[in-house]
Amino acid sequence: MTAVLETPPTRPIRRRGRVIAVFSALTALLLLAHPLVPNWVGNAGSLLETFLPWTGLLVLPLLVAALLRRSALALVSLLLPALVWGGFFGGRLFDKTEAGGDLTIVSHNVNDENPDPAGTARALAATGAQVIALEELKKSEIPKYEDALAAGYPHHSVQGTVGIWSTFPLGDTRPVAIMPWTRALRTTVDTPKGAVAVFVAHLPSVRVRLEAGFTATGRDDAIGLLADAVAAESSPRTVLVGDFNGTADDRALDPITARMRSAQEEAGDGFGFSWPAGLPLARIDQVFVAGLRPVAAWTLPATGSDHLPVAASVAF
């Protein structure tokens, strides 16, 4: 009697990779439906939106799995999240900068533990920007910034922990109440082509805790107050810069982004991540404009701070 060896049945090729295809669809759905992720559970929506560009990395393990499975279905399914991600963020990957511009502004959270305030100030001045805005100024270190910037920036004002230095005259400078202590200011920069209202702000910090999730109540309250101040501004040309402890994708910034444009998104090259300086993962330092056209936006090399400086040039 001859023994007959039976081979195990093989799964039809068309059925391979169905699990991978499902996860591909879920990844695309996460991107498309992120505004529907609720904030009432640990501010989950804002936390997701803070790092939303990084959701594209979810495609990589799915791609590896599809290749290992040798599944055409799985490979084709990966086009869905890739196309959705490209629709959201593909435009940010291209260089949209132009030459020229009438006014260049640098904004930097200098970190109150910065070991080299004078060196940081000199590095920012070397950019040739007409306006430099600084956040998280430590009172005892302010004279070092003033001394380093005095020669090139004769006009300046410090309000609480934020300050502004300018080659052009400043006027109507005052603090903006967004917190119990002063972490925002408003001023008018009198340029040769006309006046520009400039706001400098440092919003409250956010934290991620296992027991509480993404805690951002203080920041969100401050955003509302800052948005009200900007909305009340009478100048047709307005710039808002600073450390927002939030990205332009975060719904919490909607009161700002509904009336102002991100210079990085309109005229930048790439995502312009600014924090943390050693391995930037998010752009929480912003330059927003209204009544002006951004022509270039970029991040600057690291200083002694845990943030990267950000810069933008605008045209009237």
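Mentor: Happy to. Helix H6 (residues 117–125) packs on helix H7 (residues 142–149) at an angle of about 35 degrees, and their axes are 8 Å apart. Keep in mind that this is a predicted model.

Trainee: Is the crossing of H6 and H7 left-handed or right-handed?
Mentor: H6 and H7 cross in a right-handed way. On the H6 side the contact uses Pro117, Ala118, Ala121, Arg122 and Ala125, while H7 brings Lys144, Tyr145, Ala148 and Leu149. Sorted by class, the residues of this contact are seven nonpolar, no polar and two charged.

Trainee: Ok, what about H1 and H5, at what angle do they pack?
Mentor: About 20 degrees, with axes 8 Å apart; H5 covers residues 79–89. H1 and H5 are therefore roughly parallel to each other. The crossing of H1 past H5 is left-handed.

Trainee: Which residues of H1 and H5 meet there?
Mentor: From H1 there are Ser24, Ala25, Thr27, Ala28, Leu31 and Leu32, and they meet Leu80, Pro81, Val84, Trp85, Phe88 and Phe89 of H5. The contact of H1 with H5 counts 10 nonpolar, two polar and no charged residues.

Trainee: And H1 with H3, are they roughly parallel or antiparallel?
Mentor: Helix H1 (residues 18–32) and helix H3 (residues 59–69) pack at about 160 degrees, with 10 Å between their axes. That angle is over 145 degrees, so H1 and H3 are roughly antiparallel. Their crossing is left-handed. Ile20, Phe23, Ser24 and Thr27 of H1 make the contact with Leu62, Ala65, Ala66 and Arg69 of H3. By class, that contact has five nonpolar, two polar and one charged residues.

Trainee: Switching to backbone geometry, what is the phi of Arg70?
Mentor: Arg70 has a positive phi of about 50 degrees, although it is not a glycine. Most residues other than glycine have a negative phi. Arg70 sits in the loop between H3 and helix H4 (72–77).

Trainee: Which residues does a cis peptide bond join?
Mentor: Trp275 and Pro276, with omega at about -15 degrees. Pro276 belongs to the loop between helix H10 (263–267) and strand S12 (285–290).

Trainee: Now the spaces. What is the volume of the largest pocket, and which residues lie nearest its centre?
Mentor: The largest pocket has a volume of about 340 Å³. Its lining has 21 residues, and Val206, Arg207, Asn245, Trp275 and Ile284 lie nearest the centre. Trp275 is also one of the two residues of the cis bond.

Key:
Residues are numbered from 1 along each chain as its sequence is written. This is a predicted model: local features need pLDDT of at least 70, side-chain atom pairs count only at pLDDT 80 or more; totals for chains, interfaces and linings use all residues. Side-chain values use heavy atoms; hydrogens and water are left out. Axes are lines fitted to C-alpha atoms, for helices over the stretch in contact, and angles run from 0 to 180 degrees between N-to-C directions. Helices (H or I, at least four residues) and strands (E, at least two) are DSSP runs, numbered from the N terminus. Angles under 35 degrees count as roughly parallel, over 145 as roughly antiparallel, 65 to 115 as roughly perpendicular and the rest as oblique. A crossing is left-handed if the near helix is turned anticlockwise from the far one by less than a right angle, and right-handed if clockwise. Contact means heavy atoms within 4.5 Å. Ala, Val, Leu, Ile, Met, Phe, Trp, Tyr, Cys and Pro count as nonpolar, Asp, Glu, Lys and Arg as charged, and the others, Gly among them, as polar. On a 1 Å grid over the protein atoms alone, a cavity is a set of points where a 1.4 Å probe fits but cannot get out, and a pocket is an open set with protein on both sides within 12 Å along at least five of seven lines; lining residues have an atom within 4 Å of a point. Grid points are joined across faces, edges and corners, and a volume is the space filled by probe spheres set on the points.
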